[in-house]
Amino acid sequence: MNTIPTTLDDPVQNHNDYEQNLLGEVKEFGWRSTHVRGTENRHSFAYSTGFWKAFGKPEVIFFDLPVELAHDVLGQIYRLFEQGESLHTEKPVSGIISDEKVFFLTVGEDFVSEYLLSSKWFYKGSVFPCIQMIWSDGSGKFPWEPDFDPQLAELQPEISEIGWSRLRPPQTVSNWLFARMRSLKKKFR
């Protein structure tokens with residue numbers, strides 16, 4: 001068990017109903033799923049609170065999955081951590097969302113503060129690790145790969161520490177032109 005300070009031992013009267021509910025779930029289940037609805041300017045996202053406290057493992061965030069699926073995915077990750085497993089970053093992983101490939105990248109600290117507000121509160125403003133789960137499109141491609149479904153490109157904001165551009169294969173001018181022509185051709189069909 002990680003000894004990072006949390007709000008778990010704070011007096012109950014210091015917390016509003018939402019905070020008491022969050023703490024109750026973390027005490028009962030070891031973790032909590034928070035789902036934030038999308039707006040006109042921001043896609044929906046979900047994240048965990050409690051993985052770092054329970055296992056010393058990073059909290060997890062991902063974008064644009066339905067509420068029930070998001071909760072189930074975080075529950076699956078919790079069970080993996082409970083069994084002593086780790087999530088590998090910077091390489092494809094299967095078995096989190098059925099047989100679909102996902103990819104985990106470390107989230108930049110500024111983005112942790114921007115997106116994981118309940119977790120930031122839970123850890124009393126302390127720094128904690130977080131990884132972004134990026135899901136692949138129907139053909140198994142990730143947003144930084146050629147031929148990723150362009151309609152899905154905007155659904156998963158890049159909040160990684162390293163930047164997706166580092167993961168893109170080097171591209172020659174002719175490869176770029178070919179890919180651009182192919183995407184324009186699809187667009188105008």
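Accessible areas come from the Shrake-Rupley method with a 1.4 Å probe, and for residues only the protein chains shown count as cover. By that method the chain exposes about 10900 Å². Carbon and sulfur atoms supply 50% of this area.

This is a predicted model, where local features need pLDDT of at least 70, side-chain atom pairs count only at pLDDT 80 or more, and totals for chains, interfaces and linings use all residues. Residues are numbered from 1 along each chain as its sequence is written, and side-chain values use heavy atoms, with hydrogens and water left out.

The chain has six helices and six strands. Helices (H or I, at least four residues) and strands (E, at least two) are DSSP runs, numbered from the N terminus. Their order from that end is α-β-β-α-β-α-β-β-α-α-β-α. Of the 189 residues, 42% count as buried; buried means under 20% relative accessible area (1.4 Å probe, protein chains only).

Start with Ser-48, in strand E2 (residues 45–49). Ser-48 is buried, with a relative accessible area of 0%. Its side chain makes a polar contact of 2.6 Å with that of Glu-59. Such a contact is a pair of N or O atoms within 3.5 Å; within protein, one must be able to donate a hydrogen and the other to accept it, and residues adjacent in sequence count only if both atoms are side-chain atoms.

Now turn to helix H3, which spans residues 67–82. The buried residues of H3 include Leu-74, Ile-77 and Phe-81. An α-helix has 3.6 residues a turn, so residues three or four places apart point the same way. After H3 comes Gly-84, with a positive phi near 85°.

Note on methods: Buried means under 20% relative accessible area, exposed over 50%, partly exposed in between (1.4 Å probe, protein chains only). The expected span of a helix is 1.5 Å times one less than its number of residues.
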